[in-house]
Amino acid sequence: MMRSMFSAISGLKNHQLKMDVIGNNIANVNTYGFKASRVTFKDAFYQTLSPATGNSVGTGGMNPSQVGLGMSVQSIDTIVEPGGIARTDRPLDFTIEGEGYFVVRKCDENGDATGPVYYTRAGNFYLDDQGYLVNADGYYVMGSANSTPDIEETPTDLERIQIDYDSYTTVKFDKNGMVAGIDVDGNRVTIGQMAVATCVNPSGLNKEGNNLYTESNNSGPMRSAAPGELGTGTLAPGGLEMSKVDLSQEFTDMIITQRGFQANSRVITVSDTMLEELVNLKR
């Protein structure tokens with residue numbers, strides 16, 4: 001059997017995988033806080049027909065003779081650079097201008113936020129029936145919930161933020177994540193402060209779906225801080241981070257991937273024709 005057919009099969013398989021990633025990127029072109037992915041390839045192992053030799057008496061050195069046996073996927077990377085901001089003018093929409101992720105968490109049967117900790121760039125938040133700040137899936141938005149905010153460095157130590165709108169005439173959010181209420185006497189009362197988490201290698205976070213990420217073995221430990229501290233970005237209320245998908249780049253990659261797939265298909269077709277000629281030699 002010809003080596004070219006096996007090499008081409010690896011090309012077909014991995015170009016299909018790259019097309020899957022491109023398709024997912026394009027599908028999420030309007031997903032707030034989405035980070036695009038990319039696929040990189042590497043050549044596979046080689047069969048050495050003759051090794052390299054050094055020079056000897058009367059002859060010079062010779063280079064090795066090797067035949068490649070296809071390719072494989074080297075990595076599927078996440079592009080973590082911040083996206084643009086879509087202005088919404090909704091007071092509970094937030095964008096992180098810079099590095100970092102909002103911290104959200106599930107609750108247990110008693111309503112306490114003791115479940116898994118998740119991280120997200122999608123800042124479309126809401127209030128539940130008890131005044132807690134939550135995301136679209138009902139996970140609590142975590143931070144410091146007291147009059148003297150003191151953001152911890154461990155996300156699991158953070159608290160839920162509860163806003164009692166009946167006690168204030170106005171509730172305001174600032175770029176440092178501070179949540180403050182104005183009471184009937186015009187006094188400013190600090191309600192809490194939203195937290196932003198970061199890590200050494202954001203590209204190493206696990207994607208969990210629903211715009212959520214979790215810590216992985218290669219992301220480094222997540223640290224939480226007030227927005228603007230420990231290298232985190234500040235908040236921009238009234239806007240949402242747009243998807244980090246460049247359609248022009250995706251369409252270009254799609255064309256290149258399609259041509260690569262077609263070229264590998266052609267190699268299989270030509271190899272099959274050559275084998276057919278070989279089989280028909282006896283006729």
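Predicted model: local features only at pLDDT ≥ 70, side-chain atom pairs only at ≥ 80, totals over all residues.

User: How many aromatic pairs does the structure hold?
Analyst: Six. Take Y132 and Y140: their ring centres are 5.4 Å apart and the planes sit at 70°. Over 60 degrees counts as edge-to-face, so that is what this pair is.

User: Are Y132 and Y140 buried or exposed?
Analyst: Y132 is buried, at 12% relative accessible area. Y140 is buried too, at 7%. The cut-off for buried is under 20%.

User: Which residues form an aromatic cluster?
Analyst: F94, F102, F125 and F173 form one.

User: What lies over the face of Y140?
Analyst: R160, at 4.6 Å from the ring centre. Y101 has an arginine over its face as well: R121, at 6.0 Å from the ring centre.

User: Switching to pockets. How much space lies in the largest one?
Analyst: About 200 Å³. Its lining has 14 residues, and S37, R38, Q249, E250 and D253 lie nearest the centre.

User: Which element gives the most to that lining?
Analyst: Helix 1, with four residues. Strand 1 (37–43) and helix 2 (247–279) are also among the elements giving two or more. By class, the lining has six charged, five nonpolar and three polar residues.

User: And what volume does the second largest pocket have?
Analyst: About 170 Å³. It is lined by 13 residues, with F34, K207, G209, N211 and Y213 nearest its centre. Strand 17 gives the most, three residues.

User: What classes are in the lining of that second pocket?
Analyst: Seven polar, three nonpolar and three charged residues.

Conventions: Residues numbered from 1 in each chain as written. Heavy atoms only, no water. Phe/Tyr/Trp six-rings, centres within 6.5 Å; stacked < 30°, edge-to-face > 60°. Buried < 20%, exposed > 50% of the residue type's maximum accessible area, 1.4 Å probe, protein only. Lys NZ or Arg CZ within 6 Å of the ring centre and 35° of its normal. 1 Å grid on protein atoms, 1.4 Å probe; cavity = no way out; pocket = protein on both sides within 12 Å on 5 of 7 lines; lining within 4 Å. Points joined across faces, edges and corners; volume = space filled by probe spheres on them. Nonpolar A, V, L, I, M, F, W, Y, C, P; charged D, E, K, R; others polar.
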